[in-house]
Amino acid sequence: MRNIWLYIAVMSAVTIAIRLTPALLLRRPIKNRFVRSFLFYVPYVTLAVMTFPAIVEATRTPIAGAAAFVFAIFLAWNGASLFRCAAGASIMVLIVEGIVFSL
């Protein structure tokens, strides 16, 4: 039981250090265009890296997940709303899995 409290304390210290270090070191606004653009895209890249494996592995076959992903990108590129992209991807999974598992 004592180890659990040690683990929680170390986890808290690391989390606080990660969050406080930029605040303590960077007191001025960042003016470098490259760094600003890099920091602008970090949340989107992080979300994509966490989401993409789940998209492919959530279906019975990775082919259905990949097809749904490509179809959702196509819909989004052509201006579809988030709901239409999600609905289209879901329908694509049903179609591809229906084709794959009916063979």
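How far apart do the end C-alpha atoms of residues 6-26 lie, and what share of the span is helix? The end C-alpha atoms are 30 Å apart, and the span is 95% helix and 0% strand. Helices (H or I, at least four residues) and strands (E, at least two) are DSSP runs, numbered from the N terminus. The model is predicted, with local features requiring pLDDT of at least 70 and side-chain atom pairs pLDDT 80 or more, while totals for chains, interfaces and linings use all residues. Residues are numbered from 1 along each chain as its sequence is written, and side-chain values use heavy atoms, without hydrogens and water.

An unreviewed UniProt entry annotates residues 6-26, 38-56 and 62-78 as "transmembrane region"; such annotations may be inferred rather than shown by experiment. Residues 62-78 are 94% helix and 0% strand, with end C-alpha atoms 24 Å apart.

The structure holds one salt bridge, defined as a side-chain nitrogen of Lys or Arg within 4 Å of a carboxyl oxygen of Asp or Glu. This salt bridge joins E97 and R60, whose closest N and O atoms are 3.6 Å apart. The pair links distant parts of the chain, 37 residues apart: E97 belongs to helix α4 (residues 82-102), and R60 to the loop between α2 (33-57) and α3 (62-77). E97 is buried because its relative accessible area is 10%, whereas R60, at 62%, counts as exposed. Buried means under 20% relative accessible area, exposed over 50%, and partly exposed in between (1.4 Å probe, protein chains only).

V10 lies in helix α1 (residues 2-25) and has 47% relative accessibility, so V10 counts as partly exposed.
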